[in-house]
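Good morning, and thank you for joining.

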Amino acid sequence: MSDHDIDPTSPRMAPKPEVTKIAGRELKPSTLMMGHGYDPVLSEGSLKPPIFLTSTFAFPSAADGKRHFEGITGKRPGGADGLVYSRFNAPNQEILEDRLSVWDGAEDALSFSSGMTAICVLMLAYASQNDVIVHSGPLYAASEGFVAKVLAKFGVTYVDFPAGATREEIDAVLEKAQAQADEQGGKVCMVYLESPGNPTNALVDIEAVRASVDAAQLDCPIAIDNTFLGPLWQRPLDQGADIVVYSLTKYVGGHSDLVAGSIAGAKKWMDPVRMLRNTMGGICDPNTAWMLMRSLETVELRMSRAGDNAAKVCDYLAKHPKVEGLGYLGMIKDARQQDIYDRHCKGAGSTFSLLLKGGEAECFRFLDALKIAKLAVSLGGTETLASHPASMTHLSVAEGRRAELGISDNLVRISIGIEDADDLIADFEQALEAV
Ligand SMILES: *Cc1c(COP(=O)(O)O)cnc(C)c1O
């Protein structure tokens, strides 16, 4: 026996029950991120979980193998109670999924190799031929494309409504969707939201959508892409959403060094998606899962700092004579949007749109003059990024639709990072001088 071997009969080897409460007080997510779902005793005392690079797991006995496969194939409810094969699940991904559930107050979570994989597998799990998806607009362009172009190949159609729609407007949209489903011989299979929308930051009234879906007695999940404000500033399951969707590539990963996605919600909503992920693959890889666990330890710190920075930068920008306006959730002008914000959001985030006086030429001069902020798409990283949606992320959107969505030529999208706020203001000041 070498020095590092632990005597398996020693009480030190017994897994310890996890502490989630002290003196009746529920521990907060930021505390749980350091240890939830992992016991060092099971991995030679390693404080951090090792990265489990294995494609398959040895069964203690043939009977265990059979039982695990009954769970995987749905012959027995509840899934496998042990690990089987890394396309289905593995230790790093399971710990990550446990920790992601904590942030949204969800029963279960599933990790994916990208945000888009999460979204595509989720929709495929719920949509059958001739079904109708109801969605808010605008959506992330690839999500919108998956519904309109890919699911359309299987006879799935959609009805969309603008973020900010009222209860009455949502009622009317659901009625139209139900009629469309009846005509096609399908059902309304999902209400899919994204809030705030990109790049305008228009918010969807999740509570109103919940009330409408219940009133229409639709038996379908409400899913919401919470990438822009989650997990810190918006918890949509609390407002009545059933499934919360993330591109973990953004704030959760937070360092612009990985691509991943997730969904979370009640087990009954996760199970069909887990079954399809078992079949298709698309689970996050162990190394990325490990990086995400590291990221989750600081997600509250990073998002808080980025949010504070964005408030300071927007304060400065709002007063600048070359600025026409800001699409920042900390400075909402519309009473209806403010009401949704007050009911749904705990913070204004750090991604916003900056409208310059002028058009594309002025925006390009501004972007080219930035010295700290990097000219790149994506958001939620430690570094500040700026881009021009009309000519970049939304170039493929038809001009009419762009105008409808408020994506004008004078709009710059900014994602504020965790740099020093005064340095960022100095950078924006000198870039505005160049306009
Ligand atoms: C980036 C993003 C996605 C897609 O995520 P990937 O990780 O790039 O696949 C989906 N929704 C929103 C709102 C996003 O910003």
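A polar contact here is a pair of N or O atoms within 3.5 Å; within protein, one must be able to donate a hydrogen and the other to accept it, and residues adjacent in sequence count only if both atoms are side-chain atoms. In the side chain of lysine 250, an N or O atom is 2.7 Å from an oxygen atom of the ligand. For serine 247, the corresponding distance to a ligand oxygen atom is 2.8 Å. Aspartate 225 places a polar side-chain atom 2.6 Å from a nitrogen atom of the ligand. On its own the ligand has 380 Å² of accessible area (Shrake-Rupley method, 1.4 Å probe), and the protein covers 92% of that.

Please note that this is a predicted model, in which local features need pLDDT of at least 70 and side-chain atom pairs pLDDT 80 or more, while totals for chains, interfaces and linings use all residues. Residues are numbered from 1 along each chain as its sequence is written, and side-chain values use heavy atoms, without hydrogens and water.

Let me turn to the domains. An automatic or database assignment gives domain 1 (115-248) and domain 2 (301-432). Their contact, meaning heavy atoms within 4.5 Å, takes 26 residues from domain 1 and 31 residues from domain 2.

What joins the side chains of aspartate 205 and arginine 336? They meet in a salt bridge (3.1 Å, N to O), defined as a side-chain nitrogen of Lys or Arg within 4 Å of a carboxyl oxygen of Asp or Glu. Across the interface of the two domains, the rule finds five salt bridges.
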